[in-house]
Amino acid sequence: MHTITNTRLLKVLNNEPVDRTPIWIMRQAGRYLPEYLATRKRAGDFMTLAGTPELACEVTLQPIKRFSLDAAILFSDILTVPDAMGLGLYFEAGEGPRFKSPVRTPADIKQLATPDPETELRYVMDAVRLIRRELNNSVPLIGFSGSPWTVATYMVEGGGSKEYQYIKRLMYGDTQALHQLLEKITTTTIAYLRAQADAGAQALMVFDTWGGVLTPRAYQLFSLQYMQAIVTALRKSHASIPITLFTKNGGMWLPDIARTGCNAVGVDWTTDLRDARSLTDDKVALQGNMDPGVLYGSKQTIREEVQRVLESYGSGGRHIFNLGHGIHQHIDPDNVEVMVETVHELSPAFHR
Ligand code: CP3
């Protein structure tokens, strides 16, 4: 592991110059790594892995040991929050996340617990403390949560969804109940992110995976408004912690997201970084946005696409190299190495 403190990511988030573009990868600890699969097998299931600080720490460090990345991201899940609110999270083999008790009615919403992060989510905070100790300041640690809207979709649907039938029934049938739910999740998420920062997370990211299924108006009302509340609350308690907001398929809303006061905005591959940069006017850092599918390509193709992403952002400014969404499980780790090394090799030219 590196011995010199690497602060590139924090510098870009804080609008300071860097020698090259920092890179980390969404879902960098995951099933494409054989060492991850081995640890998960030892754990038995995902929740034991995420719920045991020593194991969560071990898998958080795996990609840091293998690649020259500029940040670690806490190994956990956005759905630990609704689990702690009493929904009973479990993973069905090959089926993704499920809840034993989905939330459908105003009565369900009233019954929801507002967990204390250092009690019900203590295992997450213990993992953060352990990871910080093990990282020994080699690279910064990113903490995270889901956006209230995205977490609500899983809570109401009971798992992943294609049509968002139940949450849209609530949105258009009992708007007040949906707002009550989003408020409860927001309150819990603010406490959860504050606790991660207090435990040692050095940057925070909010994943809004499903904001892009909303109309422009509904996005403002049901997703962005609650992310704004999170940024505002964190700014009051933790003025200097950098915050990144990422709405998948939210390219047309980048100016609105940038106006929340966040430090960085995640961009998926459907928006060109050139356009994203002019839309946000260098007011925020931009994180992204290579199509994860590029990593199925040849080494030459990967190198060309890295160059294309760096060029699309352009010189100077505040770019954090990443994929446009999480890495897929069937990607060859050697191809990830090519991407990381190419960013190291080609990006200094953009910072002279
Ligand atoms: O990025 C990282 O390496 C940190 C860990 C992390 C995980 N999930 C681990 C995980 C993070 C940041 C998440 C976020 C997350 N979880 C999101 C938002 C980001 C995104 O990808 O859109 C969402 C929507 C979830 C919910 C979730 N968790 C789903 C839909 C699934 C199953 C789908 C899948 O990829 O299998 C999970 C499980 C999960 N969370 C895995 C990992 C590594 C795979 C579990 C396994 O080992 O089988």
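Me: At roughly what angle do the axes of helix α14 and helix α15 cross?

Reply: The model is a predicted one. In it, helix α14 covers residues 299-313 and helix α15 covers residues 333-346. Their axes come within 9 Å, and the crossing angle is roughly 40°.

Me: Which class of orientation do α14 and α15 have to each other, and what is the handedness of the crossing?

Reply: Angles under 35 degrees count as roughly parallel, and 65 to 115 as roughly perpendicular. The axes of α14 and α15 cross at roughly 40°, and the two helices are therefore oblique to each other. As for handedness, the crossing of α14 and α15 is right-handed.

Me: How many nonpolar, polar and charged residues make up the contact of α14 with α15?

Reply: On the α14 side, the contact is made by Lys299, Ile302, Arg303, Val306, Gln307 and Leu310. On the α15 side, the residues are Asp334, Asn335, Val338, Met339, Thr342, Val343, Glu345 and Leu346. By class, the contact has four charged, three polar and seven nonpolar residues.

Me: Is Thr247 buried or exposed?

Reply: Thr247 is located in strand β6, residues 243-247. Buried means under 20% relative accessible area. Thr247 has 2% relative accessibility, so Thr247 counts as buried.

Me: With the side chain of which residue does the side chain of Thr247 make a polar contact?

Reply: Apart from neighbours within four places in sequence, the residues in contact with Thr247 include Asp208, Tyr219, Met227, Trp253 and Asp268. For a polar contact, a pair of N or O atoms must lie within 3.5 Å. At 2.8 Å, the side chain of Thr247 makes such a contact with the side chain of Tyr219.

Me: What is the C-alpha to C-alpha distance between Leu234 and Ala197?

Reply: Leu234 belongs to helix α11, residues 216-237, and counts as buried because its relative accessibility is 0%. Not counting residues up to four places away in sequence, Leu234 touches Ile190, Leu193, Arg194, Leu204, Ala239, Ile241 and Ile243. Leu234 and Ala197 are 37 residues apart in sequence, and their C-alpha to C-alpha distance is 9.6 Å.

Me: Where does Gln196 lie, and is Gln196 buried or exposed?

Reply: Gln196 is part of helix α10, residues 175-199. Beyond its neighbours within four places in sequence, Gln196 is in contact with Leu74, Met125, Val128, Gly143, Phe144, Ala201 and Leu204.

Technical notes: Residues numbered from 1 in each chain as written. Predicted model: local features only at pLDDT ≥ 70, side-chain atom pairs only at ≥ 80, totals over all residues. Heavy atoms only, no water. Helix = DSSP H or I, 4+ residues; strand = E, 2+ residues; numbered from the N terminus. Buried < 20%, exposed > 50% of the residue type's maximum accessible area, 1.4 Å probe, protein only. Polar contact = N/O pair within 3.5 Å; in protein donor to acceptor, adjacent residues only side chain to side chain. Contact = heavy atoms within 4.5 Å. Axes fitted to C-alpha atoms, helices over the stretch in contact; angles between N-to-C directions. Parallel < 35°, antiparallel > 145°, perpendicular 65-115°, else oblique. Left-handed = near helix turned anticlockwise from the far one by under 90°. Nonpolar A, V, L, I, M, F, W, Y, C, P; charged D, E, K, R; others polar.
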